[in-house]
Amino acid sequence: RFNKNFHDTYLKSTLTTKVNLTRVEEIKLNKFRSDLAVRVDFKRHNFLNYNDVRCSCGFHRETKRHILLNCPIAAPARGEMIRALLELDDFNIMIYYGKNQEQKINLILYGDKSLSDNLNRKLIRIFARFINDIID
């Protein structure tokens with residue numbers, strides 16, 4: 001019934017303890033990483049009959065992809081995230097825009113192994129702030 005997610009060895013997973021996040025940011029980021037942040041997945045994990053799979057915005061299904069990349073409720077926080085990325089001197093925003101949706105999600109949650117550890121820590125800080133702003 002549940003998909004088992006195995007860690008992709010090609011991902012650069014920056015440990016949240018190395019990023020200097022607040023405890024709340026760290027918890028929310030790790031909830032997204034472990035598929036427990038999306039309300040329907042969390043409820044499905046705990047209850048067998050959870051039928052409300054719609055997003056609060058009215059989209060037919062609340063998914064990680066929808067929340068992180070498309071949900072209109074998260075648009076203001078997503079705009080802040082993009083502004084923060086643009087302010088980084090050592091990050092080319094085209095790295096973000098050049099990725100497909102799945103790669104963007106992986107970048108937001110784990111960082112990018114082609115980037116330096118220092119830059120990945122900066123990115124994870126920005127993305128953790130974004131995630132903190134968009135989920136309860």
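Tutor: What follows takes the labels one at a time and sets each value against its cut-off.

Student: What kind of model is this, and how many helices and strands does the chain have?

Tutor: This is a predicted model. The chain has seven helices and zero strands, and its pattern along the sequence reads α-α-α-α-α-α-α. Buried residues account for 40% of the 136 residues. Of the contacts between residues at least 6 apart in sequence, 55% join residues at least 24 apart.

Student: Why is Ile126 called buried?

Tutor: Buried means under 20% relative accessible area. Ile126 has a relative accessible area of 7%, so Ile126 is buried. This residue lies in helix α7.

Student: Which residues does Ile126 contact, leaving aside its neighbours within four places in sequence?

Tutor: Ile126 is in contact with Met81, Ala84, Leu85 and Leu88, once neighbours within four places are set aside. The C-alpha atoms of Ile126 and Ile82 are 9.1 Å apart, although 44 residues separate the two along the chain.

Student: Why are α4 and α7 called roughly antiparallel?

Tutor: Angles over 145 degrees count as roughly antiparallel. α4 and α7 pack at about 170°, with 9 Å between their axes. The two helices are therefore roughly antiparallel to each other. Their crossing is right-handed.

Student: What makes up the contact of α4 with α7?

Tutor: From α4 come Ala77, Arg78, Met81, Ala84 and Leu85, and from α7 come Leu123, Ile126, Phe127, Phe130, Asp133 and Ile134. By class, this contact has nine nonpolar, no polar and two charged residues.

Student: Why are α6 and α7 called roughly perpendicular?

Tutor: The band for roughly perpendicular is 65 to 115 degrees. The axes of α6 and α7 cross at roughly 100° and come within 7 Å. α6 and α7 are therefore roughly perpendicular to each other.

Student: Which residues meet where α6 and α7 touch, and how do they divide by class?

Tutor: Leu107, Ile108, Leu109 and Tyr110 in α6 meet Leu123, Ile124, Phe127 and Ile131 in α7. They divide into eight nonpolar, no polar and no charged.

Student: Why is α6 described as largely enclosed by the rest of the structure?

Tutor: Seven of the ten residues of α6 are buried, so the description holds. The buried residues are Lys104, Ile105, Asn106, Leu107, Ile108, Leu109 and Tyr110. What covers them includes α1, α3, α5 and α7.

Student: Which residues of the largest nonpolar core touch the most other members?

Tutor: This core has 35 residues, and those touching the most other members are Leu68, Leu85, Phe91, Tyr96, Leu109, Leu123 and Ile131. At least two core residues come from each of α1 (23–33), α3 (64–70), α4 (75–87), α5 (93–97), α6 (101–110) and α7 (117–134). α7 gives the most, with nine residues.

Student: Which residues does Phe91 touch, not counting residues up to four places away in sequence?

Tutor: With those residues left out, Phe91 touches Leu85, Tyr96, Leu115, Leu119 and Leu123. Among these, Leu85, Tyr96 and Leu123 are also named with Phe91 as core residues that touch the most other members.

Conventions. Residues numbered from 1 in each chain as written. Predicted model: local features only at pLDDT ≥ 70, side-chain atom pairs only at ≥ 80, totals over all residues. Heavy atoms only, no water. Core = buried A, V, L, I, M, F, W, Y, C linked by side-chain atoms within 4.5 Å. Buried < 20%, exposed > 50% of the residue type's maximum accessible area, 1.4 Å probe, protein only. Helix = DSSP H or I, 4+ residues; strand = E, 2+ residues; numbered from the N terminus. Contact = heavy atoms within 4.5 Å. Axes fitted to C-alpha atoms, helices over the stretch in contact; angles between N-to-C directions. Parallel < 35°, antiparallel > 145°, perpendicular 65-115°, else oblique. Left-handed = near helix turned anticlockwise from the far one by under 90°. Nonpolar A, V, L, I, M, F, W, Y, C, P; charged D, E, K, R; others polar.
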